[in-house]
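The questions below are meant for a reader who is meeting this structure for the first time, and each answer works towards the value or name that was asked for.

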Amino acid sequence: MSQTPDASSTPNESSPKRDIKDDIVWHAHTVTREDREAKLGQRGVVIWFTGLSGCGKSTIANELDRLLLDRGAACTLLDGDNVRHGLCAPPAVLSEEHSEEFASRFGLGFGPIDREENIRRIGAVTELFASAGVITLAAFVSPYRRDRDRVRKTIESSGQKGDFLEVFVDTPLEVCQQRDPKGLYQKALAGEIKNFTGISDPYDAPPNPEVHLKWKEGQTPHEQASVILQELENRGILKSKRG
Ligand SMILES: Nc1ncnc2c1ncn2[C@@H]1O[C@H](COP(=O)(O)OS(=O)(=O)O)[C@@H](OP(=O)(O)O)[C@H]1O
Ligand SMILES: Nc1ncnc2c1ncn2[C@@H]1O[C@H](COP(=O)(O)OP(=O)(O)O)[C@@H](O)[C@H]1O
(Lines give C-alpha, C1' and ligand atoms only; values in the text may rest on other atoms or scores of the structure.)
(Ligands and ions follow the chains in the order given, each with its own letter.)
Protein backbone atom coordinates (compact mmCIF):
# COMPACT_ATOMS: atom_id res chain seq x y z
CA MET A 1 0.00 0.00 0.00
CA SER A 2 1.56 3.37 -1.00
CA GLN A 3 2.51 5.49 1.99
CA THR A 4 0.88 8.91 1.46
CA PRO A 5 2.05 11.63 3.90
CA ASP A 6 -0.55 12.64 6.47
CA ALA A 7 -1.91 15.82 4.86
CA SER A 8 -2.99 17.20 8.21
CA SER A 9 0.59 17.25 9.46
CA THR A 10 2.59 17.87 6.25
CA PRO A 11 2.55 21.51 5.04
CA ASN A 12 2.17 21.79 1.29
CA GLU A 13 5.66 22.14 -0.35
CA SER A 14 4.53 25.05 -2.58
CA SER A 15 3.61 27.16 0.46
CA PRO A 16 5.32 25.77 3.57
CA LYS A 17 3.26 28.08 5.83
CA ARG A 18 -0.03 26.71 4.40
CA ASP A 19 -2.13 24.68 6.84
CA ILE A 20 -4.94 22.24 6.10
CA LYS A 21 -7.35 24.58 7.91
CA ASP A 22 -6.78 27.05 5.07
CA ASP A 23 -8.29 24.49 2.69
CA ILE A 24 -11.50 24.03 4.66
CA VAL A 25 -13.89 26.69 3.40
CA TRP A 26 -17.28 27.38 5.04
CA HIS A 27 -20.15 26.69 2.63
CA ALA A 28 -23.20 28.96 3.00
CA HIS A 29 -26.35 26.89 2.43
CA THR A 30 -29.39 28.01 0.45
CA VAL A 31 -31.78 27.07 3.27
CA THR A 32 -30.85 29.26 6.23
CA ARG A 33 -31.26 28.71 9.97
CA GLU A 34 -33.92 31.40 9.92
CA ASP A 35 -35.83 29.49 7.21
CA ARG A 36 -35.83 26.36 9.33
CA GLU A 37 -36.81 28.14 12.57
CA ALA A 38 -39.63 29.96 10.78
CA LYS A 39 -40.95 26.69 9.34
CA LEU A 40 -40.74 25.01 12.76
CA GLY A 41 -42.13 28.06 14.58
CA GLN A 42 -39.39 27.86 17.21
CA ARG A 43 -35.80 28.86 17.97
CA GLY A 44 -33.07 26.24 17.92
CA VAL A 45 -31.48 26.22 21.39
CA VAL A 46 -29.29 23.94 23.50
CA ILE A 47 -30.45 22.99 26.99
CA TRP A 48 -27.34 21.61 28.71
CA PHE A 49 -27.87 19.47 31.82
CA THR A 50 -24.81 19.11 34.07
CA GLY A 51 -24.36 17.42 37.42
CA LEU A 52 -22.94 14.42 39.24
CA SER A 53 -23.58 10.88 38.09
CA GLY A 54 -26.98 9.89 39.48
CA CYS A 55 -28.18 13.46 40.05
CA GLY A 56 -31.16 13.05 37.70
CA LYS A 57 -29.91 14.59 34.43
CA SER A 58 -31.21 11.83 32.10
CA THR A 59 -34.54 11.42 33.92
CA ILE A 60 -35.35 15.12 33.91
CA ALA A 61 -34.13 15.57 30.32
CA ASN A 62 -36.32 12.64 29.21
CA GLU A 63 -39.30 14.18 30.97
CA LEU A 64 -38.66 17.58 29.37
CA ASP A 65 -38.21 15.92 25.97
CA ARG A 66 -41.69 14.39 26.32
CA LEU A 67 -43.26 17.66 27.51
CA LEU A 68 -41.73 19.54 24.57
CA LEU A 69 -42.84 16.94 22.03
CA ASP A 70 -46.36 16.92 23.45
CA ARG A 71 -46.43 20.68 22.81
CA GLY A 72 -45.47 20.09 19.18
CA ALA A 73 -41.86 21.21 19.51
CA ALA A 74 -39.07 19.70 17.37
CA CYS A 75 -36.63 18.44 19.98
CA THR A 76 -33.96 15.82 20.56
CA LEU A 77 -31.94 14.43 23.46
CA LEU A 78 -28.25 13.48 23.70
CA ASP A 79 -27.20 11.54 26.80
CA GLY A 80 -23.71 10.76 28.15
CA ASP A 81 -24.11 7.04 28.50
CA ASN A 82 -25.69 6.65 25.06
CA VAL A 83 -23.25 8.88 23.16
CA ARG A 84 -20.41 6.93 24.73
CA HIS A 85 -21.65 3.85 22.88
CA GLY A 86 -21.10 5.54 19.49
CA LEU A 87 -19.63 8.95 18.76
CA CYS A 88 -17.55 8.97 21.97
CA ALA A 89 -17.01 5.23 22.46
CA PRO A 90 -14.14 3.93 24.62
CA PRO A 91 -11.06 2.24 23.09
CA ALA A 92 -12.36 -1.24 23.99
CA VAL A 93 -15.43 -0.68 21.81
CA LEU A 94 -13.53 0.90 18.90
CA SER A 95 -10.96 -1.93 18.81
CA GLU A 96 -13.72 -4.39 17.92
CA GLU A 97 -13.91 -2.79 14.45
CA HIS A 98 -10.71 -0.72 14.17
CA SER A 99 -6.97 -1.10 14.75
CA GLU A 100 -5.48 -0.77 18.24
CA GLU A 101 -3.75 2.47 17.13
CA PHE A 102 -7.07 3.92 15.94
CA ALA A 103 -8.85 2.79 19.14
CA SER A 104 -6.26 4.29 21.47
CA ARG A 105 -6.16 7.54 19.45
CA PHE A 106 -9.93 8.14 19.15
CA GLY A 107 -11.45 6.14 22.02
CA LEU A 108 -12.50 8.16 25.07
CA GLY A 109 -12.28 7.42 28.78
CA PHE A 110 -12.77 9.73 31.80
CA GLY A 111 -9.45 11.51 32.22
CA PRO A 112 -9.62 15.31 31.90
CA ILE A 113 -8.43 15.39 28.28
CA ASP A 114 -10.86 12.63 27.29
CA ARG A 115 -13.75 14.48 28.94
CA GLU A 116 -12.63 17.67 27.19
CA GLU A 117 -12.81 15.90 23.83
CA ASN A 118 -16.11 14.21 24.75
CA ILE A 119 -17.73 17.57 25.48
CA ARG A 120 -16.10 19.24 22.48
CA ARG A 121 -17.55 16.61 20.12
CA ILE A 122 -20.99 16.78 21.71
CA GLY A 123 -20.90 20.57 21.67
CA ALA A 124 -20.24 20.48 17.92
CA VAL A 125 -23.15 18.06 17.41
CA THR A 126 -25.54 20.15 19.51
CA GLU A 127 -24.55 23.19 17.42
CA LEU A 128 -25.57 21.31 14.26
CA PHE A 129 -28.96 20.44 15.75
CA ALA A 130 -29.59 23.95 17.09
CA SER A 131 -28.63 25.43 13.71
CA ALA A 132 -31.35 23.23 12.21
CA GLY A 133 -33.88 24.86 14.55
CA VAL A 134 -34.13 21.91 16.94
CA ILE A 135 -34.50 22.33 20.73
CA THR A 136 -31.54 20.16 21.73
CA LEU A 137 -31.26 18.61 25.17
CA ALA A 138 -27.83 17.38 26.30
CA ALA A 139 -27.36 15.45 29.54
CA PHE A 140 -23.69 15.04 30.46
CA VAL A 141 -21.77 15.12 33.72
CA SER A 142 -19.54 17.71 31.99
CA PRO A 143 -17.68 18.43 35.24
CA TYR A 144 -15.28 21.09 33.95
CA ARG A 145 -16.59 24.65 33.69
CA ARG A 146 -14.05 25.42 30.97
CA ASP A 147 -15.49 22.67 28.74
CA ARG A 148 -19.08 23.82 29.29
CA ASP A 149 -18.15 27.46 28.64
CA ARG A 150 -16.53 26.49 25.34
CA VAL A 151 -19.80 24.84 24.26
CA ARG A 152 -21.69 27.97 25.28
CA LYS A 153 -19.33 30.06 23.15
CA THR A 154 -19.74 27.69 20.17
CA ILE A 155 -23.54 27.77 20.39
CA GLU A 156 -23.92 31.50 20.96
CA SER A 157 -21.40 32.51 18.30
CA SER A 158 -23.19 30.43 15.68
CA GLY A 159 -26.61 31.65 16.83
CA GLN A 160 -27.31 34.33 19.38
CA LYS A 161 -26.80 35.03 23.08
CA GLY A 162 -29.35 33.04 25.03
CA ASP A 163 -29.24 30.01 22.71
CA PHE A 164 -27.38 28.05 25.41
CA LEU A 165 -29.15 27.34 28.69
CA GLU A 166 -27.13 25.63 31.42
CA VAL A 167 -29.21 23.52 33.80
CA PHE A 168 -27.39 22.60 37.00
CA VAL A 169 -28.99 19.49 38.51
CA ASP A 170 -27.74 20.17 42.03
CA THR A 171 -28.36 16.89 43.83
CA PRO A 172 -26.09 16.34 46.84
CA LEU A 173 -23.36 13.68 46.48
CA GLU A 174 -24.88 11.74 49.40
CA VAL A 175 -28.20 11.45 47.57
CA CYS A 176 -26.49 10.40 44.34
CA GLN A 177 -24.53 7.77 46.30
CA GLN A 178 -27.70 6.46 47.97
CA ARG A 179 -29.39 6.20 44.58
CA ASP A 180 -26.36 4.65 42.77
CA PRO A 181 -28.61 3.00 40.15
CA LYS A 182 -25.64 1.48 38.25
CA GLY A 183 -23.60 0.54 41.31
CA LEU A 184 -20.83 2.83 40.08
CA TYR A 185 -20.46 4.73 43.34
CA GLN A 186 -19.99 1.45 45.16
CA LYS A 187 -17.25 0.46 42.69
CA ALA A 188 -15.66 3.93 42.81
CA LEU A 189 -15.59 3.89 46.62
CA ALA A 190 -14.00 0.44 46.47
CA GLY A 191 -11.33 1.86 44.13
CA GLU A 192 -12.50 -0.24 41.20
CA ILE A 193 -13.25 2.84 39.04
CA LYS A 194 -10.65 5.59 38.66
CA ASN A 195 -11.44 9.27 37.97
CA PHE A 196 -15.01 8.97 39.24
CA THR A 197 -16.67 12.38 39.45
CA GLY A 198 -17.36 13.48 42.98
CA ILE A 199 -15.32 10.63 44.51
CA SER A 200 -11.87 10.64 42.87
CA ASP A 201 -12.40 13.37 40.28
CA PRO A 202 -13.55 16.97 40.60
CA TYR A 203 -16.83 18.61 39.68
CA ASP A 204 -16.89 22.39 39.01
CA ALA A 205 -20.39 23.50 40.03
CA PRO A 206 -21.76 26.15 37.61
CA PRO A 207 -21.53 29.57 39.29
CA ASN A 208 -24.37 31.09 37.28
CA PRO A 209 -26.57 28.52 35.51
CA GLU A 210 -29.69 29.68 33.65
CA VAL A 211 -31.62 27.08 35.68
CA HIS A 212 -30.47 25.88 39.11
CA LEU A 213 -32.40 22.77 40.17
CA LYS A 214 -31.53 22.68 43.86
CA TRP A 215 -32.48 19.31 45.31
CA LYS A 216 -35.75 19.23 47.22
CA GLU A 217 -36.79 16.01 48.97
CA GLY A 218 -39.86 14.59 47.20
CA GLN A 219 -39.68 16.90 44.16
CA THR A 220 -40.55 14.77 41.11
CA PRO A 221 -38.78 14.71 37.73
CA HIS A 222 -41.97 16.14 36.21
CA GLU A 223 -41.87 19.09 38.61
CA GLN A 224 -38.19 19.63 37.84
CA ALA A 225 -38.80 19.46 34.08
CA SER A 226 -41.71 21.90 34.48
CA VAL A 227 -39.38 24.44 36.11
CA ILE A 228 -37.26 24.36 32.94
CA LEU A 229 -40.32 24.59 30.71
CA GLN A 230 -41.45 27.69 32.59
CA GLU A 231 -38.01 29.24 32.08
CA LEU A 232 -38.24 28.55 28.33
CA GLU A 233 -41.59 30.36 28.29
CA ASN A 234 -40.23 33.26 30.37
CA ARG A 235 -37.42 33.68 27.83
CA GLY A 236 -39.80 33.58 24.86
CA ILE A 237 -38.17 30.39 23.56
CA LEU A 238 -41.50 28.59 23.92
CA LYS A 239 -44.93 30.15 23.46
CA SER A 240 -46.78 30.17 26.77
CA LYS A 241 -49.44 27.43 26.90
CA ARG A 242 -51.86 29.98 28.34
CA GLY A 243 -51.81 31.68 24.90
N1 LIG B 1 -15.24 7.84 35.95
C2 LIG B 1 -16.50 8.21 35.69
N3 LIG B 1 -16.92 9.43 36.07
C4 LIG B 1 -18.21 9.80 35.82
N5 LIG B 1 -19.14 9.03 35.16
C6 LIG B 1 -18.70 7.81 34.77
C7 LIG B 1 -17.40 7.35 35.01
N8 LIG B 1 -17.28 6.08 34.51
C9 LIG B 1 -18.48 5.78 33.98
N10 LIG B 1 -19.34 6.80 34.13
C11 LIG B 1 -20.70 6.79 33.59
O12 LIG B 1 -20.60 7.62 32.43
C13 LIG B 1 -21.55 8.65 32.46
C14 LIG B 1 -20.86 9.97 32.32
O15 LIG B 1 -20.52 10.14 30.98
P16 LIG B 1 -20.47 11.64 30.44
O17 LIG B 1 -20.12 11.56 29.01
O18 LIG B 1 -21.72 12.34 30.84
O19 LIG B 1 -19.24 12.19 31.29
S20 LIG B 1 -18.41 13.55 30.99
O21 LIG B 1 -19.40 14.56 30.60
O22 LIG B 1 -17.43 13.21 29.94
O23 LIG B 1 -17.76 13.82 32.33
C24 LIG B 1 -22.22 8.62 33.78
O25 LIG B 1 -23.59 8.52 33.46
P26 LIG B 1 -24.69 9.26 34.34
O27 LIG B 1 -24.70 8.47 35.64
O28 LIG B 1 -25.94 9.14 33.56
O29 LIG B 1 -24.24 10.69 34.55
C30 LIG B 1 -21.73 7.37 34.51
O31 LIG B 1 -22.77 6.44 34.69
N1 LIG C 1 -36.55 13.85 41.11
C2 LIG C 1 -36.19 12.58 41.42
N3 LIG C 1 -36.64 12.00 42.54
C4 LIG C 1 -36.29 10.74 42.87
N5 LIG C 1 -35.47 9.95 42.13
C6 LIG C 1 -34.98 10.51 41.00
C7 LIG C 1 -35.31 11.82 40.58
N8 LIG C 1 -34.67 12.06 39.39
C9 LIG C 1 -33.98 10.94 39.10
N10 LIG C 1 -34.18 9.99 40.05
C11 LIG C 1 -33.59 8.64 40.10
O12 LIG C 1 -32.21 8.80 40.32
C13 LIG C 1 -31.46 7.83 39.58
C14 LIG C 1 -30.46 8.54 38.68
O15 LIG C 1 -31.19 9.28 37.71
P16 LIG C 1 -30.52 9.55 36.28
O17 LIG C 1 -31.48 10.35 35.51
O18 LIG C 1 -30.01 8.28 35.71
O19 LIG C 1 -29.27 10.46 36.71
P20 LIG C 1 -28.02 10.89 35.79
O21 LIG C 1 -28.48 10.85 34.38
O22 LIG C 1 -27.67 12.26 36.29
O23 LIG C 1 -26.96 9.89 36.10
C24 LIG C 1 -32.48 7.02 38.81
O25 LIG C 1 -32.75 5.84 39.55
C26 LIG C 1 -33.71 7.90 38.79
O27 LIG C 1 -34.90 7.16 38.72
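Predicted model: local features only at pLDDT ≥ 70, side-chain atom pairs only at ≥ 80, totals over all residues.

Residues are numbered from 1 along each chain as its sequence is written, chains are lettered from A and ligands numbered from 1 in the order in which they are written, and side-chain values use heavy atoms, with hydrogens and water left out.

Q: How many helices and strands does the chain have?
A: The C-alpha atoms of the chain fill a box of roughly 65 × 55 × 30 Å along the principal axes. Among contacts (heavy atoms within 4.5 Å) between residues at least 6 apart in sequence, 72% join residues at least 24 apart. The chain has ten helices and five strands.

Q: What percentage of the residues in the chain is buried?
A: Buried means under 20% relative accessible area, exposed over 50%, and partly exposed in between, with a 1.4 Å probe and protein chains only. The chain has 243 residues, and the buried ones make up 40%.

Q: What is the volume of the largest pocket?
A: On a 1 Å grid over the protein atoms alone, a cavity is a set of points where a 1.4 Å probe fits but cannot get out, whereas a pocket is an open set with protein on both sides within 12 Å along at least five of seven lines, and lining residues have an atom within 4 Å of a point. Grid points are joined across faces, edges and corners, and a volume is the space filled by probe spheres set on the points. For the largest pocket, this volume is about 900 Å³. Of the 39 residues that line the largest pocket, the closest to its centre are Ser53, Gly54, Lys57, Asp81 and Lys182.

Q: Which helix supplies the largest share of the lining of the largest pocket?
A: Helix 2, helix 3 (80–83), helix 6 (112–131), helix 9 (184–189) and helix 10 (221–234) each supply at least two residues of this lining. The largest share is four residues, and these come from helix 2.

Q: Which backbone oxygen does the side chain of Lys57 reach?
A: Lys57 has its place in helix 2, and it counts as buried because its relative accessible area is 8%. Leaving out residues up to four places away in sequence, Lys57 touches Phe49, Thr50, Gly51, Leu52, Ala139, Phe140, Val141 and Val169. At 3.2 Å, its side chain reaches the backbone oxygen of Gly51.

Q: Where does Gly56 lie, and which residues does it touch?
A: Gly56 lies in the loop between strand 1 (46–50) and helix 2 (57–70). Gly56 is buried, because its relative accessible area is 17%. Not counting residues up to four places away in sequence, Gly56 touches Val169 and Arg179.

Q: Is Phe49 buried or exposed?
A: Phe49 lies in strand 1, and among its contacts beyond four places in sequence are Lys57, Leu64, Phe140, Val169 and Ile228. Because its relative accessibility is 0%, Phe49 counts as buried.

Q: How many disulfides does the structure hold?
A: A disulfide is a covalent bond between the sulfur atoms of two cysteines, and here it is counted as a pair of cysteine sulfur atoms within 2.5 Å. The number of disulfides that the structure holds is zero. Cys176 is in no disulfide, and the nearest cysteine sulfur, 5.6 Å away, is that of Cys55.

Conventions
Polar contact = N/O pair within 3.5 Å; in protein donor to acceptor, adjacent residues only side chain to side chain.
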